[in-house]
Amino acid sequence: MKCLKKYLSVFMTLVLILTGCADPAAGGQPALREPVSRSSVCSPVGKGRIGATEVLPAVVVPTEYAHFYKSDMVLEKINVEVGDYVKKGELLASADTRAAKKRKKELEEELAQEQKKFLLNEKITAGKQEEMELSGERKASKGQTEKTEIAVMKENARYEKQLYQQRIADLKTQIQAEEDKIREGALRACHSGYVTYRKSLSVSPEAGANENIIAVADRKEKYLELTDLSTKKYPYSDYEVKYILSGGKTYPIKEIPYSRRELAVADRNKTYPPVRLSCPDGAGLSLGDTCLVYFKEKNTPEVPVVGNESLHTQGEDYYVYVRGDGGEQEKRIVTIGERDEHLTEIRSGLEEGEMVCYSTNTVMPVDYKTAVVERTDFEIRSRTGSCQFADASSYVQLSDREGLIVKCVVSKGDKVKKGDPLYVVDTGTGKALQAELSYEIQKEKEAYQETLKGMRKQAASERKGKKGKIRAVIRRRWQYERQLAEYTHTCTMRQLQAQLREAREGNDGSGRVTVYAQHSGKIENCQIKVGQRISGGIPVLTIRRRDRKRLLIFSIPTASDGLQEGQKAYAQIRKRLANVGENIEFSLYGKRYTGVCTGYTVFAEDKSSEKIPDKVYLTTDKGKSYLGGNERSGYKYPGYYVEPEKEELLEKPLSTLIATYSSVKLRNVLTVPVKWIQKDDQQGKGEYYVWCLVKGELVKQYVTLDPGLNDGADQVIFSGLEPGDQIVGS
């Protein structure tokens, strides 16, 4: 019996020990449960900052200026190429404005006629009025006197002048509208810089409203761009602290905000531009560099902290286990302050440096190596899969005749010289129309002669019996009458003769007109088909220029593999592209060359996937905001333009040319061996950690990182470690 009592006593003691730290609210069970774990480790109380730190990679890019038309246009020519330096005001591209020019010319002719005819009619009216005043005769019509008729004449003249002024104002308004169209057709640089993108006329010469035609970058105006985060989803605008680390120094940065009007335009179109941040002077960042941007909700001071895994609760109290010098563990009540995902502030109960225990189910390393964490430069080198010469922008040939295509003598891929025949169009302006116009011209001549004959007869009749001043007034008035008739006849003849010349131009008499090449080169995108009816001013073909540019294009052929995955995959593709201003290295037969990335291409997206937009621009002009984007460049894969430092490289066989560049280039960042990083998947957190050696103790230290920022050997660490920390691994 004594033995049984002894065993029951031991059993009850074990029960009390195992259940001692239970929550007192849980059915009246004992309030204290001691930690039970596979392994118990300790870490010293240290100093830290409470509050999550978000870290995002950014790229140093130049400020780009979009150039677009505000209404639909058809382009005839782009005057600049990627890599060209342009000055503000320089002509970049020309759109088809022939209709506007023709209409403007017609309106100007109409304006000149109105002004000339009104001037002559004024003189004629003044002459009639003077005759009436000199005659002194009373008019019998309706009992009106000469004085009354003069008053009526003046009132009519005043009314005619008002109508004339209104017509002139309307004509000038129409002329101004056509001038605006012509001026808009001449796309000029709004800023000086290097061309980084141009629309491909071989893809389509038609430009929609706000479609970017040319992008010009000012390489001196640098900023940081978060390419993987849209403005709509950007959650860090209100963060109090934003900074980067460079050369061991902290550089505060600011967001470069878009205006409310611009964001309203973006939201309406559900398309958002990249987030922009200031690039601090003195940080030593170059175009193409990648840097880490740190975001904190507020600027918190350093305070004593312990890991959350060390903290236990007993009712409303918090306590920890502190290990003494002899290895014994002391339970100690503490007062806590702020908390975040990994750390808790200790306001009382602990001193800095004391060893606090925590439990973990993670297997601790036994045989390991050590390394000291240091800041270093990190780089991921990329290679391209293909290389080709960059072609100059194509010429666009527009139809200048309406009618039915009855013959085509060229097709896509043919080489032509300026002046070579392209196709024949039946305009319907055959001999019958020409004969009709010739007849109209002859009728106008005869009618004019009859008018002059009648005017001479009428003038002689009015002068008969008149003497002195009144005879001179009558003669002068009829001179103005003849001038008006002659001017009207001249205008009519000019219009009819222009129509006849147009009908005869290139016409073989049957109404068929042969159209000739306006430029030399190779035909692409030939849209000429026999039996097709065309109107004036539409693109019929593009002709690729023969001159070879000084640029190379490097493509990434694996880019289309992930398009089905949408925006995330596309963001990864963009990471593998070089950045404008970045240095590129070439190797050829063991010899090394250098160049600079000066622009980029926009590839044709997979037809089976949704269209993935390329770079988006928000532009404000005269108080109005516009959203535009780049269209496809006509290339199958994404790529970038490179201008070699030595032109001799352009004469080498491209199939043997290999280019390498930094798809990621970080300066002064913390890195650790990839194999030494562990992943904690408990409770589905998926957090990363490393083992640190602190005062001879192994400490589990959580870190933040982007799994994509590793070169196979080393991994970039965003936060959780400091220079000088000692880490362990096998």
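Against which strands do the buried residues of helix 4 pack? The model is a predicted one, and in it these buried residues pack against strand 35 and strand 36. Helix 4 covers residues 260-269, and its buried residues are Glu262, Val265 and Ala266. Viewed down the helix axis, the buried residues fall within an arc of 95°, so they line one face of helix 4. The face turned away from that buried side carries Arg260 and Arg268, which are exposed. After helix 4 comes Lys270, with a positive phi near 55°.

Strand 35 spans residues 616-621 and strand 36 spans residues 624-629, with Lys622 in the loop between them. Lys622 is not a glycine, yet its phi is positive, near 55°. Is Lys622 buried or exposed? Its relative accessibility is 79%, and because the threshold for exposed is over 50%, Lys622 counts as exposed.

Asn210 sits in the loop between strand 9, residues 206-207, and strand 10, residues 212-230. Asn210 also is not a glycine and has a positive phi, of about 70°. With a relative accessible area of 18%, Asn210 is buried, since buried means under 20%.

The wider setting is as follows. The protein holds seven helices and 43 strands. Of its 730 residues, 42% count as buried. Among contacts between residues at least 6 apart in sequence, 76% join residues at least 24 apart. The accessible surface comes to about 39800 Å², and carbon and sulfur atoms account for 48% of it.

The aromatic residues come next. How many aromatic pairs does the structure hold? There are nine. One of them is formed by Tyr243 and Tyr294, whose rings are stacked, with 5.1 Å between the centres and 5° between the planes. Tyr243 belongs to strand 11 (residues 241-246) and Tyr294 to strand 14 (residues 290-296), so this pair ties together parts that are 51 residues apart in sequence. Both Tyr243 and Tyr294 are buried.

Tyr689 and Tyr702 make another aromatic pair, this one edge-to-face, at 6.2 Å centre to centre and with 65° between the planes. Tyr689 lies in strand 40 (residues 687-694) and Tyr702 in strand 41 (residues 697-703), so the pair links parts 13 residues apart in sequence. Tyr689 and Tyr702 are buried, and together with Trp691 they form one aromatic cluster.

The charged end of Lys700 sits over the ring of Tyr689, 4.6 Å from its centre. Elsewhere, Lys331 lies over the face of Tyr319, at 5.2 Å from the ring centre.

Is Arg401 buried or exposed? Its relative accessibility is 13%, so Arg401 counts as buried. Leaving aside residues up to four places away in sequence, Arg401 touches Val425, Thr427, Glu502, Glu505, Val513, Ile534, Ser535 and Gly536. Lys622, by contrast, counts as exposed.

How values were computed:
Residues numbered from 1 in each chain as written. Predicted model: local features only at pLDDT ≥ 70, side-chain atom pairs only at ≥ 80, totals over all residues. Heavy atoms only, no water. Helix = DSSP H or I, 4+ residues; strand = E, 2+ residues; numbered from the N terminus. Buried < 20%, exposed > 50% of the residue type's maximum accessible area, 1.4 Å probe, protein only. Phe/Tyr/Trp six-rings, centres within 6.5 Å; stacked < 30°, edge-to-face > 60°. Lys NZ or Arg CZ within 6 Å of the ring centre and 35° of its normal. Arc of directions from axis to C-beta. Contact = heavy atoms within 4.5 Å. Areas by Shrake-Rupley, 256 points an atom, 1.4 Å probe, with all protein chains shown as cover.
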